[in-house]
Amino acid sequence: MTAHPNISDPCPKTRVMARWATIAALLAVVVIMLGAWTRLVHAGLGCPDWPGCYGFLTVPQSDAHIAIANARFPETPVVVEKGWPEMIHRYAAGTLGLIVFGLAGYALRHRRSGVPVKLSLFIAGFIILQGAFGMWTVTLKLWPQVVALHLLGGFTTLSLLTLLTLRLRGRLRSPGPEPRGLARGSMRPWLYGGLLLVAVQIALGAWTAANYAAVACTDLPTCQGQWWPEGMDFRHGFDIAQHVGPNYLGGQLTADGRVAIHVTHRLGAVIVLGYLSLLLAILWRHREEHGLSGSITLVAAALSAQIALGLANVLFHIPLPVAVAHNAMGAGLLLSVIHLIWQYHRLSLAHRAQAEQTTTINREVTA
C-alpha cells in the first residue's frame, strides 16, 4: 500500500488510509451483492470444498479436470455454471480480506500518526471469523444458521469499514462553520433505536434468504390471499436448533414454517418504515437547528428505495436484478442510518465544545 503524498499535506498517512478504507467499504458492498447473486442462482454449493473448487484454484472446465473433480466428489458432479458465481464471490471476498489486512498493517506501522489502530485490527480479526463462516457455509451444506450468520457478518464488516472510513475522513475534514444549536432533547437514543430495528430487519432478511422463504408469499398486501395465513408454524420456522445437513440447498423447512418467516419479515419492514418515517419527520422539523438535512434525506431515499424493491420482489416473483438490488439497498439503508448517527454525534461534540469554550471565556471575562 504505497502513495506519494504532497509534502505540504499535514495528514498524509491518514489520507492514504482513508482512501483505502473507502475502497474496502465499496468492495464490501460488491461482495454482499455477489453473495446474494450466488445464493439466488442456487450456486451456494457450486464448489463443494473450500477455499478451492473441487481441489482446483478455479472452476474445472477441461474434460480432464472435470473427470478428476467428479472422481473427488462423486456425490456433487461439476456444474460449471454453478461453480463460477461461487468462485467469483470468493475471489472478491479474498481481495477484500487482503485490503483489510493491509489496512491493519498500515495502521500498526503508522500508529504514532494517530490512525485508528484498534478498529483496524478488530476488522482484520473479524474478517478471519467471516472467512471461517464462509468455509462452514460450504462444509455444513448451507446450514441456515451458518448462512444467516455469514450474511450478517458481511453487513457487519461493511459497517465497520464504513465507521473506519468516517473516522479517518473526519480527521481530514477542515473546520467548517460553527455548529448550530441542537434540539434540547437528545435524539441519540431514538437514532440508535432506529439502527437496532434496521439491524434486526436485516437479520430477518438473512434468515428469510437462508431458508428460501422469499417466495412463500406471492401476493400483496395479503399472503396467500389471507391477512394472517392459517397454519403458520413459527416454532418450526424459527427453530435455530435444527440438525445439520445433509444438504440445505433449496431449504428443508415446511411450507408453513417458511410462510411464518416471510410474514415476520414483512411485519418487520412495516415497523421499520413506521419508526424511521416518524423519526425522520421529527428530525426534519428541526433541521434548521442541527443542520442534518442531507443525512436525513439520504436515509429517506434509502428507505423508500428499499421498500419499493421489497414490494417489487413479491410482485414480480423475485427477479434476479431486483433481488440483488434489494440486498444492496439493505446495506445502503444500514449505512445511511450509521452516517446519520455519525453526523449527529459529530455535531453534538462540536456544539458541546463550543458551549464549553463560551463558558470558559465568560468566566475569564467576569473573573
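**The loop between α6 and α7**

Modeller: Gln224 lies in the loop between α6 and α7; helices (DSSP runs of H or I, at least four residues) and strands (runs of E, at least two) are numbered from the N terminus. The model is predicted, so local features need pLDDT of at least 70 and side-chain atom pairs count only at pLDDT 80 or more, while totals for chains, interfaces and linings use all residues. Residues are numbered from 1 along each chain as its sequence is written, and side-chain values use heavy atoms, with hydrogens and water left out.

Gln224 is not a glycine, yet its phi is positive, near 55°. Tyr212, found in the loop between α6 and α7, also has a positive phi, near 55°, and is likewise a residue other than glycine. Most residues other than glycine have a negative phi, and most peptide bonds are trans. The surroundings of these two residues can be described by accessibility, where buried means under 20% relative accessible area, exposed over 50%, and partly exposed in between, with a 1.4 Å probe and protein chains only. Because its relative accessible area is 15%, Tyr212 is buried. Gln224, with a relative accessible area of 47%, is therefore partly exposed.

The loop also holds Pro221, between α6 (188-210) and α7 (234-237). The peptide bond from Leu220 to Pro221 is cis, and its omega is near -5°. A cis peptide bond also joins Trp50 and Pro51, with omega about 5°. Pro51 belongs to the loop between α1 and α2 (63-72).

The context is a chain of 11 helices and zero strands. Of its 367 residues, 45% count as buried. The accessible surface comes to about 19,100 Å², with 66% of it belonging to carbon and sulfur atoms; such areas come from the Shrake-Rupley method with a 1.4 Å probe, and for residues only the protein chains shown count as cover. Among contacts (heavy atoms within 4.5 Å) with a separation of 6 or more, 77% are between residues 24 or more positions apart.

Two packed helices are described by the angle between their axes and the distance between the axes. Axes are lines fitted to C-alpha atoms, for helices over the stretch in contact, and angles run from 0 to 180 degrees between N-to-C directions. Helix α3 (residues 80-109) and helix α4 (residues 117-139) have axes 8 Å apart, at an angle of about 160°. That makes α3 roughly antiparallel to α4; angles under 35 degrees count as roughly parallel, over 145 as roughly antiparallel, 65 to 115 as roughly perpendicular and the rest as oblique. The residues of this contact of α3 with α4 comprise 13 nonpolar, two polar and two charged. Here Ala, Val, Leu, Ile, Met, Phe, Trp, Tyr, Cys and Pro count as nonpolar, Asp, Glu, Lys and Arg as charged, and the others, Gly among them, as polar.

Helix α1 (residues 12-40) and helix α5 (residues 144-172) cross at roughly 160°, their axes coming within 8 Å. These two helices are therefore roughly antiparallel to each other. In the contact of α1 with α5, 15 residues are nonpolar, five are polar and five are charged.
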